[in-house]
Amino acid sequence: MIAPADLEACRAAIRTGSHSFHAASKLLPPSVRDPALALYAFCRLADDAVDLRRDKAAAVLRLRDRLELVYAGRPLDSPADRAFAAVVEDFAMPRALPEALLEGLAWDAMGRRCADLSALLDYSARVAAAVGVMMCVLMKVRDRHTLARAADLGLAMQLTNIARDVGEDAREGRLYLPLDWLADAGIDPEAFLAAPSATPALRSVVARLLKEAERLYLRADPGVQGLPLACRPGIFAAGRIYRGIGLKVAAAGFDSVTRRARTTKGEKLLWLAGAAARTAATAIMPRPATIFAAPAAETAYLVSAAARRPAAPGFWGDGRAGALIEVLAQLEARDRARRGEDGPRAV
C-alpha cells in the first residue's frame, strides 16, 4: 500500500508536470487514481531524469538500477520509488511493461531516430503504450482485446505529443518524425535541426502524423467499454484532451515550430463533462466489432505481457526477447567508451 506522504509527493509532481493527466485523473475512482498517480510520477520523473540531464546514458543506467531495486523490494529512499514499488507489489505489475519504458528512454539517450512510421510506433509503444497497458493492470483488466485498444490510445497520445513538440524537440537536437516522411517532403533532417522552420513541407508532415494519431484514437475508443464503469470517464477525458491538443495544432496551420499548442482550463472542463456523457452512453451501447482488432504489431508484446493468459504460439507473438538487455548493453558500452573505462560499470 502506498504511504500517504509518498502519494502526496506523487500528486504534487503530476500537478506541475502533467496538466492533462492531472485533469483527467480527477474522474478516476480513488482505488485506481492513487496508484495511477504513483505510476505516472515514476514514469514522469524517469523521463525527466533522462531528458533534463546532459549525461543521458548514465541517467538511463541509473534508472535501470532503480527499477531493479523496485522489483527486488528494496526501492530507493524517495517518494516516487517507494510508491511505485508498492504499486508493483499490490498489482503484480508485469516487469516487461516498465522495462519497455526504460528501453524507450535508452533509445532517446542513444539519439536513435525513426526511419519510418513503424519505427516511430516501436518507440511510442515503449514510452507511451506501455503506460496505457499498465493503467489497465491498475484497473485489474487483463483482457487482451481491451489491452490492445489501451495500447492504441497510448500510441495516439504519443504521436500527438510529437506533433505538438516538433519545434521544441528540434531546438534540443531531437527529431522523432519518420525520416522517410521527411524525405518524401523534401526536408533534410540536419538542415531542419540547424534552423527549425514551419515550412509548408514541414506542416504537411505534421498533418500526416496527426492523421495517423486520429486513426489510432478511433481504434482505441471501443476499448473504453471494456474498463470498469467508474474508470471510463477518466479515460474518455484523457483521450479527448489529447485529441484537443491535436486540434489546436491543426488550427495553427500545423505550425508546431513557432508556437506550442495549449488547451485552456475551460476546454478541459468541457471535455471532462463530455466524458461523463459518453460513459453513460456506453452502458447501453453494444461494443463495436473493432474491439477485436489485433493490436498494432509494435505493441503486441506489451499486450501478451499483461494478458491474463499467455498467447498461444504464433498468436500476436512478439519476437523481442532480450531486446532491453541488448539495448542497455549497447548504451553501457558507449558510456564506458566515452568515459575511457575498460571494466564493468559499478552499481
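Residues are numbered from 1 along each chain as its sequence is written, and side-chain values use heavy atoms, with hydrogens and water left out. In this predicted model, local features need pLDDT of at least 70 and side-chain atom pairs count only at pLDDT 80 or more, while totals for chains, interfaces and linings use all residues.

Side chains of opposite charge can pair when their charged atoms come close. A salt bridge is defined here as a side-chain nitrogen of Lys or Arg within 4 Å of a carboxyl oxygen of Asp or Glu. By this rule, 24 salt bridges were counted.

One of them joins the side chains of Glu-103 and Arg-126, at 3.1 Å from N to O. Glu-103 belongs to helix α6 (residues 96–109) and Arg-126 to helix α7 (residues 117–138), so the pair ties together parts 23 residues apart in sequence. Helices are DSSP runs (H or I, at least four residues), numbered from the N terminus. Glu-103 is buried, with a relative accessible area of 5%, and Arg-126 is buried at 2%; buried means under 20% relative accessible area, exposed over 50%, and partly exposed in between (1.4 Å probe, protein chains only).

A salt bridge also connects Glu-168 and Arg-260, at 3.1 Å from N to O. Glu-168 lies in helix α9 (residues 166–171) and Arg-260 in the loop between α13 (232–251) and α14 (265–282), so this pair ties together parts 92 residues apart in sequence. Glu-168 is partly exposed, with a relative accessible area of 36%, and Arg-260 is partly exposed at 32%. Arg-164, Asp-165, Glu-168 and Arg-260 are linked in a network of salt bridges.

Methods: Helix = DSSP H or I, 4+ residues; strand = E, 2+ residues; numbered from the N terminus.
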